[in-house]
Structure formats: C-alpha cells, structure tokens
Amino acid sequence: MRKTVTTLADGRRLIYFDDSDAPPRTARDPRVLPPATSQSQLRYDVLTGEWIAIAAQRMDRTYLPPAGDSPLAPTRPGGPATEIPAADYDVVVFENRFPSLSERAGDQDLPPYLDGEPLWPLRPGTGCCEVVCFTSDPHASFATIGHRRARTVIDVWADRTAELSTLPDVAQVFCFENRGRQIGVTLTHPHGQIYAYPYLPPRTEAVMRQARRHRAATGGDLFADVLEAERRAGHRIVVAGQRWTAFVPAAARWPMEVHLLPHRAVADFTELTDDERDELATVYLDLLARVDRFFDGVDETPYVAAWHQAPLGPQRELGRLHLQLFSVMRAPGRLKYLAGSESGMGAWINDTTPERIAERFREIR
C-alpha cells in the first residue's frame with residue numbers, strides 16, 4: 001500500500017492510500033477556499049455528566065447533492081472540482097470540511113465556564129473528524145468492494161488510529177460507517193468516518209465501568225468472558241472463524257444487531273496481525289452481505305458499523321477492539337424510531353429476540 005499525504009485548498013489534510021499501480025498523486029486542489037477554521041465547543045451537561053459538542057457550522061454541510069455532484073467523487077475532466085483532486089483513487093482520507101471536532105478548535109479563546117457559571121464547564125471542541133472514501137465507484141458499497149480493497153481499508157483504519165492517537169488530549173479513536181438515508185446519511189457515495197474524541201463517549205464510559213466491576217468481582221476480562229459464554233451457548237453465533245467470532249449479543253437492543261470480536265485481546269486496529277486482518281476482511285464482507293439480505297425485498301439495508309477501540313490512558317487494558325453492526329430497520333419499509341422510552345429515558349425496548357435475529361443471519365449464509 002502506498003501512502004501519499006497532501007493538503008486541500010483550505011489547508012485540510014488529504015491522504016491517498018493506493019493498493020494498485022496508480023500513478024503518483026500530484027493533482028492539486030483547484031478550488032479557492034478560505035482557510036479552514038473551527039468554532040466547535042464542548043459544553044458539559046451537569047445533569048448527566050456528559051460532554052455535548054456544539055458545532056453550528058455543520059448546519060451548512062452538503063445535503064444529498066444531485067447525481068454527478070458528490071464532493072466525495074474524484075475530480076474528473078469537465079466535471080466539478082470535489083474534495084478529491086485526483087481523477088481516480090483507491091482509498092482516500094481527508095479532514096471533514098464540516099467537523100464536529102477539530103484540531104483548529106483549540107485556536108479559540110474560550111472562558112472556562114459558559115456565562116461565568118461553574119455549573120457549565122466549557123472547552124474547545126478539539127480532536128479530529130476524518131472522512132474515509134472506500135472506493136471511487138459511486139455505485140459500490142463496502143459489501144461489494146472485494147477482499148483486497150476491504151483489507152486496504154482495514155490497514156487505513158490502523159494507520160489513522162495510530163496517527164490520531166498521538167494528537168494532544170485524544171481519549172479514543174472511533175471508526176464507523178453510516179449507510180443509508182434512513183440513518184441520516186447526507187452523501188450517498190460509499191464512505192465512512194473516523195472521530196478522535198477528546199473525552200470518553202457515554203457508551204465507552206459505561207463499558208469501562210462494567211469491565212472494572214467484572215474484573216473486581218471475578219478477576220476476569222469482560223470481553224473474553226462474554227465471547228466464551230456466547231461460544232458455549234452457541235445459538236446466537238453467526239460466523240465462527242479461526243481468529244474472529246460474530247454473534248448476536250444476548251441483550252441486543254436493535255432489531256438487527258451483530259457483534260464481531262477477535263479471539264485475541266487486541267486494543268485496536270494497530271495491534272492486529274496480518275492473518276487477523278486477512279480473516280477480518282473475509283468475515284466482515286460476509287456479515288455485510290448477510291445484512292443486505294436480512295430483510296426480504298430490501299436490497300440495501302441501512303446500517304451503522306461502529307468499530308469500538310480501547311480508549312487511551314489508564315483504562316486501555318479493560319477495552320478490546322470490536323464491531324457493533326446494527327440497523328434501524330425493523331421490517332421492510334418500517335424503521336425503529338427512538339421515541340419516548342429510548343430517546344427520553346435511554347431505556348431500550350427491542351421488538352424481537354436476539355435468538356430470532358441470529359437465526360435469520362444464519363438462514364441467509
């Protein structure tokens with residue numbers, strides 16, 4: 001894999017990752033753009049103990065442009081200039097033009113408290129948000145890019161995780177893909193994102209809390225024990241490989257949800273061996289193909305692929321790289337809306353059973 005680092009017209013970082021014999025990447029961004037800045041803030045919710053990103057500039061981001069005008073497509077002769085100056089590409093990563101978190105947010109002169117009130121701590125929204133374009137083909141999906149390209153993307157996730165983990169104050173690096181308009185996708189070109197958070201998000205805080213409690217009570221590793229228990233039970237297993245196992249969790253909250261864990265305790269993508277990366281590409285493509293066949297009459301199931309990695313710092317040994325893959329669809333043409341109980345109280349109710357979900361996944365192998 002060849003890596004080429006360059007910048008866009010406004011100073012944002014852009015990186016080409018080539019797994020083919022592509023020519024050297026020398027194209028320059030022809031656009032005239034003002035220098036990239038960020039006014040992102042983090043405000044503390046004293047009622048829940050959570051940090052909330054305030055990123056008002058995202059209101060202006062591109063929303064479902066017409067065919068042929070995607071900013072994630074290559075810049076082709078006679079076509080509009082996009083975020084990617086090259087006429088073609090394999091995999092590309094660039095800093096989001098409308099980020100929730102940015103290294104540039106640290107340039108703000110913010111007071112320590114909003115309105116001078118100690119109840120409301122205020123911080124710059126530092127960190128990073130990157131876009132990962134999986135392919136230049138607008139009609140492809142991750143499920144159809146093939147093993148070689150999937151393997152390249154895994155290497156890209158490892159590369160970006162390693163680099164973003166060195167940024168000041170970053171607490172966790174999160175790779176993910178939103179797929180489908182039902183999820184809220186505003187650009188349909190096949191792509192994912194990477195967030196480098198300057199704090200631990202609520203789910204990670206909860207998982208670390210449970211991992212600490214489990215270790216104190218049993219002396220064991222929570223992820224290892226969950227994986228072993230699921231393999232003993234067997235009836236929620238979807239795919240069992242030599243190095244990875246996919247299963248529907250016993251307390252799945254989404255009407256279609258599957259988790260994927262490595263058998264070996266690895267903190268993040270950077271720690272995976274070549275053999276583990278190879279098998280991961282195979283198993284992940286298998287899972288995504290099943291996702292697109294999960295609902296009868298639905299060709300492209302909307303989903304979120306959330307790659308959780310161990311946080312940085314003293315809690316790192318409690319975490320493990322794992323995938324949480326789920327859909328908001330509960331039946332063809334029907335979505336699971338997060339209404340009063342889920343959104344208002346955070347109290348989840350699943351409309352099916354994990355065992356039925358797993359059975360369906362196995363039916364469509």
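1. The UniProt record, an unreviewed entry, annotates residues 212-323 as "domain: Galactose-1-phosphate uridyl transferase C-terminal". In this predicted model, the span is 33% helix and 21% strand. Its end C-alpha atoms lie 20 Å apart.

2. The unreviewed UniProt entry also carries the annotation "domain: Galactose-1-phosphate uridyl transferase N-terminal", which covers residues 39-201. Here the chain is 11% helix and 24% strand. The end C-alpha atoms of residues 39-201 are 20 Å apart.

3. Strand β13 covers residues 303-308, and strand β14 covers residues 322-327. The two pair in the antiparallel sense over five bridges. Valine 304 stands opposite phenylalanine 326 in β14. Strands of a sheet pair through backbone hydrogen bonds, either parallel or antiparallel.

4. An open sheet of three strands runs in the order β4-β3-β6, again with antiparallel pairing. Its edge strands are β4 (50-54) and β6 (122-124), each pairing on one side only. Neighbouring strands of this sheet are turned by 30° against each other on average, direction ignored. Strand β3 (residues 41-45) pairs with β6 over three bridges, in the antiparallel sense. Arginine 43 stands opposite leucine 122 in β6.

5. Helix α6 deserves a look. The helix spans residues 354-363, and its buried residues are Pro354, Ile357, Ala358, Arg360 and Phe361. Seen down the axis of α6, these buried residues fall within an arc of 160°, so they line one face of the helix. The face turned away from the buried side carries the exposed residues Arg356 and Glu363.

6. What do the buried residues of α6 pack against? Their partners are β10 (237-240), β12 (256-262) and α4 (274-291).

7. Is arginine 2 buried or partly exposed? Arginine 2 is partly exposed, with a relative accessible area of 32%.

8. Where does the side chain of arginine 2 reach? Leaving aside neighbours within four places in sequence, arginine 2 is in contact with Tyr16, Phe17, Asp18, Ala22, Pro23, Pro24 and Arg25. Between the C-alpha atoms of arginine 2 and proline 24 the separation is 9.5 Å, and the two residues are 22 residues apart along the chain.

9. The loop between β4 and β5 holds glutamate 83. Glutamate 83 is buried, with a relative accessible area of 5%. That value falls under the 20% cut-off for buried residues. A polar contact of 2.9 Å joins the side chains of glutamate 83 and arginine 12. Not counting residues up to four places away in sequence, glutamate 83 touches Leu8, Arg12, Leu14, Arg31, Pro71, Phe94 and Arg97.

10. Proline 65 also has its place in the loop between β4 and β5 (91-95). At 25% relative accessibility, proline 65 counts as partly exposed. Residues up to four places away in sequence aside, proline 65 touches Ser70, Pro71, Thr186 and Leu187. Pro71 is also among the residues touched by glutamate 83. The C-alpha atoms of proline 65 and threonine 188 are separated by 8.8 Å, although these residues are 123 residues apart along the chain.

Key. Residues are numbered from 1 along each chain as its sequence is written. This is a predicted model: local features need pLDDT of at least 70, side-chain atom pairs count only at pLDDT 80 or more; totals for chains, interfaces and linings use all residues. Side-chain values use heavy atoms; hydrogens and water are left out. Buried means under 20% relative accessible area, exposed over 50%, partly exposed in between (1.4 Å probe, protein chains only). Helices (H or I, at least four residues) and strands (E, at least two) are DSSP runs, numbered from the N terminus. The arc is that of the directions from the helix axis to the C-beta atoms. Contact means heavy atoms within 4.5 Å. UniProt positions are given in the numbering used here, feature names are shortened, and annotations may be inferred rather than shown by experiment. Two strands pair if DSSP finds at least two bridges between them. Axes are lines fitted to C-alpha atoms, for helices over the stretch in contact, and angles run from 0 to 180 degrees between N-to-C directions. A polar contact is a pair of N or O atoms within 3.5 Å; within protein, one must be able to donate a hydrogen and the other to accept it, and residues adjacent in sequence count only if both atoms are side-chain atoms.
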